[in-house]
Protein chains: 2
Amino acid sequence: MPGRKFVFSFGRGKADGRAGDRVLLGGKGANLHEMTRLGLPVPPGFTISTDVCDYFYRHLKTYPVSLKKEVSRALAKLERVMDLQLGNPERPLLVSVRSGARASMPGMMDTILNLGMNDAVAESLSLRLNDERFVYDSYRRLIAMYADVVLGLDKNIFEEALEKLKRERGVTRDSQLTAPAYKTLTAQFKSLVRRHTQREFPQDSQEQLWGAMGAVFGSWMNPRAITYRKLNRIPESWGTAVNVQAMVFGNRGGASATGVAFTRDPSTGKKRFFGEFLPNAQGEDVVAGIRTPQPINQQSKNGSNGHSPTLENLMPKAYAELVKIRSLLENHYRDMQDIEFTIQEGTLYLLQCRNGKRTAAAAIKIAVDMAHEGLITKEESLQRVTPAQFEQLLHPRLDTQAKKNVVARGLPASPGAACGQIVFDPTTAFEWSQNLKRRVILVRPETSPEDIHGMHAAEGILTARGGMTSHAAVVARGMGKCCVAGCNDLTVSLNHREMVLGGRVFKEGDYLTLDGGTGEIMTGAVATIEPSLTKDIEEFLSWADQIRALRIRANADTPHDARIARTFGAEGIGLCRTEHMFFDSDRIDTVREMILADDPEGRQRALEKIMPMQKKDFMGIFREMKGLPVTIRLLDPPLHEFLPQKEEEIRRLAAKIGIPEEKLRRKAESLKEFNPMLGHRGCRLGISFPDIYIVQVRAVMEAACELIRDEGIDLFPEIMIPLVAHEKELKIIKDYIEQENKAVLARYKVHIPYTIGTMIELPRAALTADQIARHAEFFSFGTNDLTQTAYGLSRDDSAVFLDSYQERGIFDKDPFVTLDQEGVGSLINTACRLGRLTRPTIKHGNCGEHGGDPDTIAFCPNKGHHYVSCSPIRDPIARLAAAHAALASKKLKILLNQKSPARRRLKNNGQMTARRNNILTG
Amino acid sequence: MPGRKFVFSFGRGKADGRAGDRVLLGGKGANLHEMTRLGLPVPPGFTISTDVCDYFYRHLKTYPVSLKKEVSRALAKLERVMDLQLGNPERPLLVSVRSGARASMPGMMDTILNLGMNDAVAESLSLRLNDERFVYDSYRRLIAMYADVVLGLDKNIFEEALEKLKRERGVTRDSQLTAPAYKTLTAQFKSLVRRHTQREFPQDSQEQLWGAMGAVFGSWMNPRAITYRKLNRIPESWGTAVNVQAMVFGNRGGASATGVAFTRDPSTGKKRFFGEFLPNAQGEDVVAGIRTPQPINQQSKNGSNGHSPTLENLMPKAYAELVKIRSLLENHYRDMQDIEFTIQEGTLYLLQCRNGKRTAAAAIKIAVDMAHEGLITKEESLQRVTPAQFEQLLHPRLDTQAKKNVVARGLPASPGAACGQIVFDPTTAFEWSQNLKRRVILVRPETSPEDIHGMHAAEGILTARGGMTSHAAVVARGMGKCCVAGCNDLTVSLNHREMVLGGRVFKEGDYLTLDGGTGEIMTGAVATIEPSLTKDIEEFLSWADQIRALRIRANADTPHDARIARTFGAEGIGLCRTEHMFFDSDRIDTVREMILADDPEGRQRALEKIMPMQKKDFMGIFREMKGLPVTIRLLDPPLHEFLPQKEEEIRRLAAKIGIPEEKLRRKAESLKEFNPMLGHRGCRLGISFPDIYIVQVRAVMEAACELIRDEGIDLFPEIMIPLVAHEKELKIIKDYIEQENKAVLARYKVHIPYTIGTMIELPRAALTADQIARHAEFFSFGTNDLTQTAYGLSRDDSAVFLDSYQERGIFDKDPFVTLDQEGVGSLINTACRLGRLTRPTIKHGNCGEHGGDPDTIAFCPNKGHHYVSCSPIRDPIARLAAAHAALASKKLKILLNQKSPARRRLKNNGQMTARRNNILTG
């Protein structure tokens with residue numbers, strides 16, 4: 001890197017860098033430079049760029065040749081500005097050395113303070129400042145921090161020495177220690193270093209400086225940092241910068257202090273200045289939490305610090321300056337800022353500012369308020385809240401104040417929190433909830449469609465088996481219900497009505513709390529907080545609605561779900577699963593009668609009983625969704641799912657419908673499949689038993705006709721055929737459906753703007769979508785099954801290895817959560833293009849679980865999707881994600897119209913992948 | 001159709017048409033014209049073209065306006081030539097009216113003879129010929145045939161009348177009836193027509209003629225014809241022609257006769273003139289089989305007709321002429337001909353000639369002989385035998401002479417025939433076969449890998465469940481063993497050691513015979529004939545080998561299979577399934593120990609025991625396949641397949657390896673999957689348990705090293721990773737395999753030209769083949785799983801509806817038998833192209849069951865496949881099919897280089913599908 005500059009100075013109003021230089025200087029560094037430029041009181045210093053970190057790891061942990069000289073020059077400049085000199089006992093410069101990556105990175109070496117201190121400096125400084133206690137306190141801190149992060153010693157040995165000293169001196173708090181005590185401690189710390197490293201603590205401040213720098217760069221690759229980056233998708237290539245800055249001291253007596261402030265309330269988002277400080281302390285004391293910090297002002301008071309004097313009272317001048325800086329920084333950065341400050345003998349210094357972390361609720365409030373204030377545009381406002389943050393708002397959640405005792409962990413299958421008494425079967429769940437008004441948690445080895453009533457009744461669901469998209473997970477998300485699935489530490493013993501969880505035995509009725517957002521399982525009842533769509537959220541989402549192009553629908557199977565969907569902003573139902581209607585306890589036996597019928601006549605008799613029930617459902621749904629489209633999927637699951645499995649249930653049913661038990665057992669046996677996912681289901685049922693689909697369609701059409709005739713409601717039924725693999729399947733079914741429809745319409749003499757379409761959920765359907773489009777007015781991508789078949793991966797069986805696949809980086813993300821763009825995405829791409837070839841106006845959307853996933857939504861507009869459909873509870877998230885997608889594509893367009901390096905990069909990438917895409921998609 | 005000619009005359013050496021006009025004149029018509037042109041004695045007549053049939057169905061069963069005139073003109077010409085007149089009692093012309101489609105079509109109206117006969121003609125003709133018996137015999141035949149095919153009466157009523165008359169006259173045979181009797185019969189037949197139609201039998205010969213023509217055209221659409229066309233893939237659009245031809249009579253006394261001859265022996269193919277005749281008879285008598293036909297010559301004699309005089313003896317002149325015609329026709333048509341002839345009072349007439357049907361053995365013999373004779377080229381010779389015919393030669397088959405009592409039917413899952421005593425579990429099968437030397441048929445509800453030893457021991461396998469590619473079917477085909485699968489009429493009661501089949505109860509030990517080629521299940525032991533590769537077949541296949549470009553490999557898992565594969569011409573092993581080695585009874589428990597191990601160490605201990613066994617297997621296979629490549633697939637099936645299911649087996653195993661039964665049960669339970677096909681299998685095991693793959697690879701490499709070192713054998717191991725969905729899976733596994741390989745090679749200090757590649761058997765793998773090709777030196781398409789996943793269709797569960805799918809034309813062919821080109825084929829296409837993008841030299845082949853299917857093989861060269869691999873027994877078929885594919889592509893190339901309508905058609909088709917393909921494959 002000849003001629004490249006590695007070290008960037010800041011101080012006294014001038015800085016080599018600025019806020020935009022995050023990539024080069026790291027977040028902390030860039031903001032130090034920026035604040036310096038703004039004329040704010042930042043202690044001067046210099047930043048060693050991330051390029052050095054990059055070089056360090058590419059060159060066997062050595063530095064660029066020119067670095068030494070650049071650091072010397074920058075240090076000399078700093079010494080000049082401060083009129084002090086590093087290591088010079090007469091005029092000693094003390095500095096802090098801090099890491100600073102592009103993104104905040106806990107787990108890395110963070111800070112070494114008081115660097116430059118040594119025996120000579122301490123001695124001379126004690127004399128000059130006449131504050132031996134302060135000096136040796138600072139010195140012993142340096143030794144301990146340096147030993148920990150640079151020399152790799154266990155920091156507990158220093159803690160123990162401190163504790164021992166306090167015991168000996170009969171004191172309990174550090175602040176009670178005297179100057180001689182600190183001096184002794186310093187000597188002890190030095191001897192600890194000597195004993196554990198066989199070397200003296202370095203007295204040479206250059207050695208200290210380079211040691212600290214090396215430790216910062218080295219910490220980029222420590223295991224904790226690597227794990228954190230993996231979890232947070234931070235590229236290794238980013239590297240960290242190092243900031244060397246002149247020390248200021250908040251521990252120089254009563255007129256000194258150190259603190260943290262937020263320009264708005266980070267937990268509510270309210271526009272009030274909020275912060276805490278500690279008088280006579282160094283930064284690490286605030287973090288360490290040894291002393292309770294005091295509020296900076298009246299508004300920052302809370303239960304535990306309400307009695308303490310505020311900064312406003314104690315140091316009104318410094319506080320006033322801080323208030324001014326608060327406005328200046330917020331207006332400058334146009335976002336809520338988190339500020340670290342130190343007051344040294346009455347003078348305010350800023351040590352850091354950055355966009356403040358905030359709760360989801362605060363994020364919305366701040367985004368909306370700032371847009372109203374004109375500080376940011378509505379578009380910027382939308383981009384200030386991530387869908388993931390947004391999600392937190394939509395589920396009951398654990399009270400963060402409450403104590404929790406985590407006993408085991410499973411997959412965070414459906415977010416939210418739930419607590420209740422555990423039960424092990426759906427009937428007990430139903431009875432306890434309905435009759436005894438108890439809150440219950442349903443615990444099952446895994447769930448099946450027969451458990452639905454119990455799942456409905458339960459607060460939350462816990463399973464031992466199944467993945468993120470297992471039956472339990474999918475149904476729970478559909479119900480907006482908390483679920484922790486696939487807990488390997490759980491064994492359920494149904495017979496004994498107990499379970500072993502994390503090595504402990506729990507009996508039916510014991511209390512448990514689930515956190516569906518983390519997968520944590522806690523003993524006892526932990527308090528939860530209910531969700532709500534506030535006025536702020538409504539307004540925020542209305543802005544999203546103005547920007548997004550993608551329509552958002554909901555997957556809803558009942559009038560109740562439909563009503564919820566509308567309140568969450570659904571613009572239609574994208575998937576109404578008719579089979580869920582079949583599982584209702586007052587219908588299931590009729591459905592079973594239909595399945596068990598020996599001949600078409602018997603089947604027809606049962607179907608005629610089911611018809612009015614379905615018709616009533618559809619009327620309810622149409623009424624709720626008036627004016628909006630409703631996509632109704634005809635029967636999809638294999639018939640054996642409807643038959644009873646348990647002996648007692650078999651006996652009951654046989655008696656009720658009057659057939660021999662043995663026959664029932666035989667039928668259930670004969671319907672069993674090796675791979676039900678790939679079995680006799682979907683439109684294959686519609687080919688084998690046309691009467692089922694005909695009756696379903698009749699129910700839809702009669703419901704629609706009667707509503708139009710009697711209530712004058714606008715409605716748009718979309719009849720959807722599932723699991724089509726070959727156009728002829730669709731053609732045969734469409735033909736008989738059309739015939740039935742015509743008959744119904746003729747009978748009622750009304751017109752209904754209905755359409756007939758299909759799911760695209762099998763690779764073959766995607767690959768022959770041009771043929772299928774001959775008979776389909778719309779495509780709805782069933783991305784769950786499409787993912788299962790494209791990957792050859794059962795969502796119910798993959799839990800045992802999917803985790804390790806993600807850990808090992810084989811899958812970046814769970815393909816059942818975020819759509820795999822390369823494989824499944826290319827099938828969708830192909831299907832869309834082929835479909836339009838035959839029918840240019842074909843409508844298409846996505847009704848898989850992925851429909852509610854922001855990363856997937858980001859991908860949908862590229863495919864020209866008209867809508868995505870997801871659980872009602874996820875609709876608000878989808879609305880926001882769709883707005884983000886619209887903004888991203890707008891940004892991309894602008895970028896492509898500019899002559900910029902970014903555009904060049906995009907174009908090059910484009911050419912590189914063009915040949916590939918050519919093969920895949922033409 | 002203005003100006004189009006519909007009627008084509010032939011007679012007296014001149015003909016409007018020729019052999020090449022099959023499309024227009026039908027097969028029979030075209031050959032009548034051709035034979036006339038050749039100067040052969042064909043009774044004159046005319047052909048009404050297939051265009052008329054087409055017109056007939058497009059215009060509400062009416063004829064083109066000009067037809068009447070054309071028929072009149074052709075009839076007038078015929079009358080002129082014959083110097084007779086239709087319907088003229090003085091000089092009556094009698095004609096036959098016959099259908100004649102492009103392909104022979106049983107099920108259609110075939111023939112009306114003696115048309116033109118009526119009361120007046122009969123009377124006058126009786127006088128003139130002085131043969132009242134002949135005349136009224138002819139008349140009554142006309143009435144009966146006409147009533148049947150034109151008037152739609154039940155022909156049995158005429159049969160009954162005839163039988164009644166014979167009883168009255170006290171005779172048993174038609175030939176014993178006198179002239180007055182036939183006269184009476186004629187009157188009775190006429191009154192039957194009157195009674196059943198309320199109309200007189202038409203006396204007008206024009207009415208007769210047009211009635212007969214209408215009946216022929218009408219019969220094109222009768223249900224039997226429609227069914228036949230469907231089964232034989234004959235397009236409806238082809239239509240039939242009608243042949244009207246002057247009658248000649250084989251029933252004019254002792255110097256008259258009628259017969260059928262083949263230019264070579266149709267059952268052996270030997271070059272000898274072969275035929276049968278009946279003196280004094282009309283054609284239908286030969287077909288009806290009322291009298292035993294006599295041999296035309298010495299060579300045609302057999303057991304039942306050996307005593308009868310030959311045509312050669314009875315009518316030497318006519319026979320000599322026939323012999324001349326035999327050579328002439330065979331040389332002219334360059335194929336074995338089936339000739340129908342009639343001798344009227346010493347004069348020979350030819351009524352039909354066509355390529356003769358023949359047995360598979362005869363087809364080969366004739367094709368080889370004709371090539372040797374120089375009559376046809378080797379290429380033509382190869383095209384004379386279809387792969388389907390060829391298949392018949394490779395399995396034991398039922399003796400066609402034997403009587404059979406079919407009790408039920410299942411799917412013809414694996415061809416061949418088998419008979420033996422039924423047993424219901426694999427252990428009994430093994431014991432009866434091994435110890436008691438009995439031939440057994442294994443009958444199971446369905447089979448599983450645990451049944452392998454019983455399947456090996458059995459002659460044939462019968463299952464109640466599972467489709468054409470169920471476990472039973474696939475394994476049976478792999479073993480070249482007869483299998484009838486998915487028999488719905490079968491219920492097995494294991495407890496009672498009996499089964500109900502087709503409503504009858506069978507006990508263990510009862511005899512049953514299976515025909516795996518038809519799916520028939522017969523009671524008792526039906527005699528079978530063993531297959532053999534004759535010298536003719538070997539020679540024939542050597543010609544195929546010269547022409548084909550595609551390499552043929554075999555799927556073989558043992559040295560024994562490998563040896564068979566080589567004798568059947570395999571050029572390598574395309575799929576060696578290592579798990580089949582695991583099922584051996586002396587290993588399975590060690591494998592189970594490995595699965596049940598609690599930790600990697602325990603697993604490692606068990607694996608170390610398995611290693612030498614696998615190594616020995618590989619050495620055996622490499623030795624058999626020396627000089628040829630062997631593709632070894634690492635462990636693929638989910639681990640639960642290896643664990644015992646039965647209680648007794650569980651107890652035994654638990655005791656043997658010393659773990660609690662309960663633990664074994666729990667493990668088996670925990671490994672159970674909802675959809676094992678999409679579960680924890682294939683390379684997913686290699687990711688979870690690298691030690692398994694490492695040990696397998698070590699076994700392969702050590703085996704190879706020792707053979708090279710000790711025996712100097714050339715060998716080419718290809719290590720194949722199954723079920724890859726993502727390139728990273730392959731990369732991780734390849735990395736550790738390479739490491740192991742290097743270690744082994746270093747230890748032995750030898751060089752082995754091994755390669756590492758992957759199965760492409762999941763849609764996602766196909767769609768990201770460019771990424772996967774980074775780590776794969778070859779692709780092997782696993783078309784079984786690729787079909788299952790692309791269709792979302794379990795091959796084990798689809799039997800219940802796949803039949804009806806084919807019947808209803810949803811699937812043209814079973815997609816598990818013949819590769820679906822549109823869906824699965826486009827995935828393969830994409831994968832090949834993407835793969836070559838990354839690695840231009842990548843090798844690819846097909847190792848699915850489809851590898852042995854001729855229609856699939858036809859498709860492989862287009863994809864640039866290097867080889868297909870199939871069951872050893874199917875290798876000869878594959879060799880022939882590959883030669884056919886090479887010839888077809890050669891033909892296509894020639895066609896594309898000519899300016900012809902065919903080329904234009906091809907190009908237009910090409911443009912039409914270009915946009916589609918562009919999207920699919922670039």
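**A walk through the model**

Guide: Happy to. A:Arg764 sits in helix α29 (residues 763-767) of chain A; helices (H or I, at least four residues) and strands (E, at least two) are DSSP runs, numbered from the N terminus. This is a predicted model, where local features need pLDDT of at least 70, side-chain atom pairs count only at pLDDT 80 or more, and totals for chains, interfaces and linings use all residues. Residues are numbered from 1 along each chain as its sequence is written, chains are lettered from A and ligands numbered from 1 in the order in which they are written, and side-chain values use heavy atoms, with hydrogens and water left out.

Visitor: Is A:Arg764 buried or exposed?

Guide: A:Arg764 is buried, at a relative accessible area of 1%. Buried means under 20% relative accessible area, exposed over 50%, and partly exposed in between (1.4 Å probe, protein chains only).

Visitor: What does the side chain of A:Arg764 make a polar contact with?

Guide: Across in chain B, the side chain of B:Asp820 is its partner, at 2.7 Å. In chain A, a polar atom of the A:Arg764 side chain lies 2.9 Å from the backbone oxygen of A:Ala725. A polar contact here is a pair of N or O atoms within 3.5 Å; within protein, one must be able to donate a hydrogen and the other to accept it, and residues adjacent in sequence count only if both atoms are side-chain atoms.

Visitor: And which residues is A:Arg764 in contact with, leaving aside neighbours within four places in sequence?

Guide: From chain A, A:Ala725 and A:His726; from chain B, B:Ala790, B:Tyr791, B:Asp820, B:Glu822 and B:Gly823. Contact means heavy atoms within 4.5 Å.

Visitor: Changing topic: how many helices and strands does chain A have?

Guide: Chain A has 36 helices and 34 strands. Of its 922 residues, 58% count as buried. Among contacts in chain A with a separation of 6 or more, 67% join residues 24 or more positions apart.

Visitor: Can you show me a helix? Which residues of α4 in chain A are buried?

Guide: In α4 (residues 119-129), they are A:Val121, A:Ala122, A:Ser124, A:Leu125 and A:Ser126. These buried residues pack against β5 (92-93) and α5 (132-149) of chain A.

Visitor: What caps the N-terminal end of α4(A)?

Guide: A:Asn118 does, with a side-chain oxygen 3.2 Å from the backbone nitrogen of A:Ala120. Just after α4(A), A:Asn130 has a positive phi of about 55°.

Visitor: What about A:Ala74, where is that?

Guide: A:Ala74 is in helix α3 (residues 67-82) of chain A. A:Ala74 is buried too, at 6% relative accessibility. Not counting residues up to four places away in sequence, A:Ala74 touches A:Val7, A:Ser9 and A:Phe46.

Visitor: Last topic: how many cavities of 30 Å³ or more are there?

Guide: The structure holds 3 of them. On a 1 Å grid over the protein atoms alone, a cavity is a set of points where a 1.4 Å probe fits but cannot get out; lining residues have an atom within 4 Å of a point. Points are joined across faces, edges and corners, and a volume is the space filled by probe spheres set on them. The largest cavity holds about 110 Å³. Of its 14 lining residues, B:Arg98, B:Leu113, B:Met247, B:Val248 and B:Leu351 are the closest to the centre.

Visitor: And how much space lies in the second largest cavity?

Guide: About 40 Å³. Its lining includes B:Phe582, B:Leu607 and B:Gln614, and α23 (600-624) and α27 (690-711) of chain B each give two or more residues to that lining.

Key
On a 1 Å grid over the protein atoms alone, a cavity is a set of points where a 1.4 Å probe fits but cannot get out, and a pocket is an open set with protein on both sides within 12 Å along at least five of seven lines; lining residues have an atom within 4 Å of a point.
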